[in-house]
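Here are my notes on the model you sent over. Have it open while you read, and go through the points in order.

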Amino acid sequence: MGRPPLTDYEKYIRTEELLALQKPAADLTCHDELQFQIVHQVAELWMKLVDHEITFAAAQLKEGHTARALRALGRVRGVQILLLDQLSLLDTMAPRDYMTIRNALGRGSGQESPGFKRMLQLPDEIWPSFEALLQTRAVTLRQIYEQPDQHPELFNLTEALVDYDQNLQAWRMRHLLIVYRQIGVGTPSLKGKPSDLLAEGMKHRFFAQLWSVRDELFAEWTKTHPYGADKGYHG
Ligand code: HEM
């Protein structure tokens, strides 16, 4: 007797293909390899959705549809939280198991992740649409941050972009903690010491102007600070 015909659910979700994308139990190099593979595969799917939503948000901004863009960016924020949260699953893995998996992975590295590479490019793709919108509305970033309540929609939009930047940095930091936990703090990886390599990435600000506008605001405020301009923010 053959297998029963596929249900509509199986056909639509394509469960057969999806569940065939992991190594069969007999081929796993260790028990934990299935989790390792699934966490990475799920991450690639979430990053595909982030790409889809940011590309859409950029197009919406171009048309001046800020509310719709904001809804898409809200979804991106949710996906980024999932990406961050799911990293903690890997804390349940023993370094010995990672070594075994690492052998199976060969010279493969997370740096080659197509989804992550897209996530690094997306800020440059949405920024021009955002800048064009500010021009159309004849508002500067400085004005938005000086008076957020005068520009509530634009403020929500700029903060949604800051969320993207911050959540990406949070992911990088959390990922580095996993690296320390699995391979130690000083172990060289394929491309140098991960702590140096990954910490370098953490310094990057994707929407530089959204951070420098904060510096500007505080520089201005510090001048009027009762403890004196020369003492800086903390007085
Ligand atoms: C046991 C868990 C993990 C370990 C031990 C680990 C280890 C590493 C190491 C050592 C690097 C530095 C580059 C290299 O030497 O290859 C790296 C980079 C990277 N890994 Fe992982 N990784 C883990 C889980 C993940 C997961 C779940 C993802 C999700 C896609 C991921 C994505 C990346 C990315 C995107 C980079 C480049 C990061 C950047 O440029 O800031 N890694 N990983």
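1. The largest nonpolar core has 23 residues, and those with the most contacts inside it are Ile-54, Ala-57, Ala-69, Val-76 and Met-119. Core here means a set of buried Ala, Val, Leu, Ile, Met, Phe, Trp, Tyr and Cys residues joined through C-beta atoms within 7 Å. Two or more residues each come from helix H3 (33-62), helix H4 (66-86), helix H6 (114-137) and helix H8 (152-183), with H6 giving the most, six residues. Keep in mind that this is a predicted model: local features need pLDDT of at least 70, side-chain atom pairs count only at pLDDT 80 or more, and totals for chains, interfaces and linings use all residues. Residues are numbered from 1 along each chain as its sequence is written.

2. Zooming in on Val-76: leaving aside residues up to four places away in sequence, Val-76 touches Val-50, Glu-53, Ile-54 and Tyr-164. (Contact means C-beta atoms, placed from the backbone, within 7 Å.)

3. On the fold: the protein chain has 10 helices and zero strands, so DSSP runs (H or I, at least four residues, for helices; E, at least two, for strands), numbered from the N terminus, are what the H labels refer to. Of the contacts with a separation of 6 or more, 68% are between residues 24 or more positions apart.

4. How do H8 and H9 pack? H8 and helix H9 (residues 194-202) meet at an angle of about 170°, with axes 9 Å apart. Axes are lines fitted to C-alpha atoms over the stretch in contact, and angles run from 0 to 180 degrees between N-to-C directions. That makes H8 roughly antiparallel to H9 (the label applies over 145 degrees). H8 brings Gln-169, Arg-172, Met-173, Leu-176 and Val-179, and H9 brings Pro-194, Leu-198, Ala-199, Gly-201 and Met-202. By class, that is seven nonpolar, two polar and one charged residues; Ala, Val, Leu, Ile, Met, Phe, Trp, Tyr, Cys and Pro count as nonpolar, Asp, Glu, Lys and Arg as charged, and the others, Gly among them, as polar.

5. Overall shape: the C-alpha atoms fill a box of roughly 75 × 50 × 25 Å along the principal axes. Buried residues (20 or more other C-beta atoms within 10 Å; exposed is 12 or fewer, partly exposed in between; C-beta atoms placed from the backbone) make up 16% of the 235 residues.

6. Lastly, Glu-216 sits in helix H10 (residues 208-223). Glu-216 is partly exposed because 14 other C-beta atoms lie within 10 Å.

Terms used. Contact = placed C-beta atoms within 7 Å. Parallel < 35°, antiparallel > 145°, perpendicular 65-115°, else oblique.
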